[in-house]
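Hi,

Here is the structure I promised to pass on. Have a look at it first, and then read my notes below.

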Amino acid sequence: MDLYEKYNLKHVINADGKMTILGVSKVSDEVVEAQKQGAQNFFEMSDLLIQTGKYLAKLVDSEDALVVNSASAGIAETLAGVIGQGSRYHVYHPYTERITKRDVILPMGHDVDYGTPVEVMMNVAGARMVPAGYANMCTPEHIEMQITEQTAAILYIKSHHTVQKSMLTIPEAIEVAHRHNLPLILDAAAEEDLVKYLEMDADVVIYSGAKAIEGPASGVIFGKEKYIRWARMQGAGIGRAMKIGKENILGLTAAIAKYLKEGSEAGSAMKQRLEPFVSNLAGVPNLKVRVVQDAAGRQIYRAEVTPTGKLSAKEICNQLRNGDIAIYAREYRVNEGIIEFDIRAVNDVEMYQIVSRLKEIIEGE
């Protein structure tokens, strides 16, 4: 009996991308083996976190690193550390009124919901969110005019979820932060390059371990030594509720080493794999199909499908999800009448199943 049958679960085809609601990524046998080694042995956990952090930091030329249980935990623990600045009292009293310097500036268009609003993680850290700019625009000046004596940090979210147009760049945000002796905390959860933001001199860069890196449920924080040390202290405070197990610490460490060596699927290879899929999709009636690049500029290419018949994009996605096999497409633009198919975790057989199911849905209009 397989897991789907044992637990009465539906098979899933993930053409949505590396999404938390679907378990994010598949992990390699190499990563599973590292997890097994971690699960079947004992360690001094504080030392395990320090030593794996040193190892990972060396791989990307960071001052230090810390494995956490998610990118969300990375945001909360990093900001809490910046607010507490190494105070043991703060670790035990994270919301104390003794500490008033809690303002964290965030471009307004970056307060997005990625499964929870960014603001929620800021609140967990004890930070006060100070929005800068407007929903459709944020300039360096907008950030700068919000800085006061109560400002603890500037937070920047690098994500396809955020507003992309008329936003200050990461180097611009770093320049403003450093001119005012503030840290620039960069959430780069789904980003693919583990080096370039450190090279830009971001003070802290936070990644999801399970997205581009294809590790287990986890996250990693790279950056300046004192900020990593302060974040690590949160393990005795708010981070206790976010602790990560030994098996996933070692699984992520192995995944990062593998990822830095092998990289992710190249954009050119992705486009090549898309060609027969797009061709077959174009053969389904009442569908307009083309290849598009990720809106945030990553080297990710997807099949964009615009229904032209009676059924709306939303109705088609609902039927895809509710079939015998749950097919998840990317639904961010269904309100515009557009469906996207992300094939990074989709094999040739599953592409055929998607096309067949779409044809079945369209022909049943």
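There are 3 aromatic pairs in the structure; rings of Phe, Tyr and Trp (its six-membered ring) pair if their centres lie within 6.5 Å, with planes under 30 degrees apart called stacked, over 60 edge-to-face and the rest tilted. One of them joins Tyr227 and Trp230, edge-to-face, at 5.6 Å centre to centre and 85 degrees between the planes. Both residues sit in helix α10 (residues 225-233), 3 residues apart, about one turn of the helix. Tyr227 and Trp230 are both buried, where buried means under 20% relative accessible area, exposed over 50% and partly exposed in between (1.4 Å probe, protein chains only).

Another edge-to-face pair is Phe277 with Phe341: 6.0 Å centre to centre, 85 degrees between the planes. Phe277 belongs to helix α12 (residues 267-282) and Phe341 to strand β12 (residues 339-342), so this pair ties together parts 64 residues apart in sequence. Helices (H or I, at least four residues) and strands (E, at least two) are DSSP runs, numbered from the N terminus. Phe277 is buried at 2% relative accessible area, and Phe341 is buried too, at 0%.

Charges turn up over rings as well (NZ of Lys or CZ of Arg within 6 Å of the ring centre and within 35 degrees of the ring normal). Arg98 lies over the face of Tyr89, 4.0 Å from the ring centre, and the charged end of Lys271 sits over the ring of Tyr301, 4.7 Å from its centre.

A note on the source: this is a predicted model, where local features need pLDDT of at least 70 and side-chain atom pairs count only at pLDDT 80 or more, while totals for chains, interfaces and linings use all residues. Residues are numbered from 1 along each chain as its sequence is written, and side-chain values use heavy atoms, leaving out hydrogens and water.

Cheers
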